[in-house]
Amino acid sequence: MDFDALFTDQLDALREEGNYRIFAELERRAGAFPRARSHDEDAPDEVTVWCSNDYLGMGQHPKVVAAMTDAVEKHGCGAGGTRNISGNTHQHALLEAELADLHGKEGALLFTSGYVSNWAALSTLGARLPDAVILSDEKNHASMIEGIRHSRADKVIWKHNDPEDLDRKLSALPSNATKIVAFESVYSMDGDICPMQEIVEVAERHGAMTYLDEVHAVGMYGPRGGGVSEELGLADRITLIEGTLGKAYGVVGGYITGSAALCDFIRSFASGFIFTTALPPAVAAAARMSIAHLKESATERMRQREQVEKLRARLDELGIPHLPNASHIIPVMIKDPVKCRQLADILMQDFGIYVQPINYPTVPKGTERLRFTPGPLHSDRDIEYLVQALATLWKRCAIAHAVA
Ligand SMILES: *Cc1c(COP(=O)(O)O)cnc(C)c1O
């Protein structure tokens with residue numbers, strides 16, 4: 001049996017559709033972010049990263065780097081076990097207290113990633129709550145979808161960001177159902193923000209629990225970086241807030257926060273929490289420093305907003321279409337997987353601009369895009385260089401269209 005042929009057949013099909021994924025090999029340079037060294041033969045040695053989820057550059061913040069290196073010196077590298085068996089350290093407890101405080105909740109529970117936190121929490125809630133029905137926004141992240149699927153609970157999909165549709169779907173459920181409404185605050189690919197107040201009100205009216213993914217909002221929104229739920233003063237009306245330590249906080253890890261009973265329940269029953277080695281204590285220390293810093297400092301958030309506004313304004317002036325939204329994410333729609341890849345390749349190779357093409361299955365077919373995430377460390381010159389490069393490519397494309 002030629003197993004490799006089974007693999008390569010499917011890979012070839014991906015390539016033909018233009019959806020084969022090629023990773024850029026980069027060396028992030030602490031102190032120089034968003035500059036990175038590229039190890040790709042066709043690209044310049046130094047490139048500017050325009051698609052990082054380290055939205056605020058906290059991954060290289062001197063306080064965060066110091067917290068991690070100090071903790072490595074003190075505690076060594078790994079945790080040495082699962083949380084249950086010798087891997088539960090003081091740093092984990094401190095971080096969970098910091099997270100509970102961030103969202104104004106009684107408890108918090110740490111996971112190895114945001115993906116795992118969604119997967120483990122939703123699969124445990126759906127599997128263990130009596131007659132559970134999970135009502136999932138149609139654009140929810142893969143980690144939520146997989147968690148719901150694994151729970152084997154009944155699932156109802158409601159129209160994206162549509163509280164009326166949610167209301168209708170909740171009304172149709174039997175009264176004995178335990179209803180869980182799962183949604184996100186900032187949707188990462190379109191950058192749109194949910195109508196949280198309306199969703200919460202609908203859920204409350206139906207006695208449903210709310211499960212909110214704030215992955216793209218923590219550190220970024222709200223006076224202390226507690227996310228959109230903090231900004232809108234809704235955190236205490238949401239049953240469970242989930243987040244990541246790997247995006248705006250610049251480290252790695254995921255978490256949930258909620259009541260003490262809820263966190264204890266997930267801690268006690270979630271396989272994805274129980275049977276895996278705890279995050280290294282140094283990671284926990286660095287993440288805690290990053291959260292604590294962004295609770296006090298709005299400088300990074302303000303500067304990021306300025307740079308986002310500048311890039312949007314320059315794209316408008318040059319006639320480069322981008323999705324309007326109220327967030328920090330700027331999607332430039334290409335709507336073709338092959339062109340999207342080609343544009344990204346030219347930007348990288350000719351201009352040293354790194355923006356990963358976003359293709360299916362991350363977004364639906366026909367909505368392929370370049371997704372820009374300006375941060376506080378992108379200079380005005382970086383922005384101008386980027387828009388000039390895009391304008392040049394847009395002209396080239398227009399010429400190609402005219403000739404064809
Ligand atoms: C990235 C992402 C996650 C997963 O978080 P990680 O910490 O990267 O595993 C969860 N939800 C959403 C909406 C995301 O975009």
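This is a predicted model: local features need pLDDT of at least 70, side-chain atom pairs count only at pLDDT 80 or more; totals for chains, interfaces and linings use all residues.
**Entry 1: H4 and H12**

I started with helix H4 (residues 90–103) and helix H12 (residues 281–296), whose axes come within 9 Å and cross at roughly 25 degrees. Angles under 35 degrees count as roughly parallel, so I noted H4 as roughly parallel to H12.

Next I looked up the hand of the crossing: H4 passes H12 in a left-handed one. Which residues make the contact? From H4 I listed Gln91, His92, Leu94, Leu95, Glu98, Leu99, Asp101 and Leu102. From H12 I listed Pro281, Ala284, Ala285, Ala287, Arg288, Ile291, Ala292 and Lys295. Sorting the residues of this contact of H4 with H12 gave me 10 nonpolar, 2 polar and 4 charged.

**Entry 2: H5 and H10**

I then turned to another helix pair. Helix H5 (residues 114–128) and helix H10 (residues 260–269) have axes that come within 10 Å and cross at roughly 95 degrees. The range for roughly perpendicular is 65 to 115 degrees, and H5 and H10 are therefore roughly perpendicular to each other.

Where do they touch? On the H5 side I found Ala121, Thr124, Leu125 and Arg128. These meet Leu262, Phe265, Ile266 and Phe269 in H10. By class, the contact of H5 with H10 holds 6 nonpolar residues, 1 polar and 1 charged.

**Entry 3: the cavities**

Rolling a probe the size of a water molecule over the atoms shows where empty space is left. How many cavities of 30 Å³ or more does a search of the whole structure find? I have 2 in my notes.

The largest cavity has a volume of about 80 Å³. Its lining is made of Arg83, His92, Leu110, Phe111, Thr112, Phe273, Thr276, Thr277, Ala278 and Leu279.

By class, the lining of the second largest cavity divides into 9 nonpolar, 5 polar and 1 charged.

How values were computed. Residues are numbered from 1 along each chain as its sequence is written. Side-chain values use heavy atoms; hydrogens and water are left out. Axes are lines fitted to C-alpha atoms, for helices over the stretch in contact, and angles run from 0 to 180 degrees between N-to-C directions. Helices (H or I, at least four residues) and strands (E, at least two) are DSSP runs, numbered from the N terminus. Angles under 35 degrees count as roughly parallel, over 145 as roughly antiparallel, 65 to 115 as roughly perpendicular and the rest as oblique. Contact means heavy atoms within 4.5 Å. Ala, Val, Leu, Ile, Met, Phe, Trp, Tyr, Cys and Pro count as nonpolar, Asp, Glu, Lys and Arg as charged, and the others, Gly among them, as polar. On a 1 Å grid over the protein atoms alone, a cavity is a set of points where a 1.4 Å probe fits but cannot get out, and a pocket is an open set with protein on both sides within 12 Å along at least five of seven lines; lining residues have an atom within 4 Å of a point. Grid points are joined across faces, edges and corners, and a volume is the space filled by probe spheres set on the points. A crossing is left-handed if the near helix is turned anticlockwise from the far one by less than a right angle, and right-handed if clockwise.
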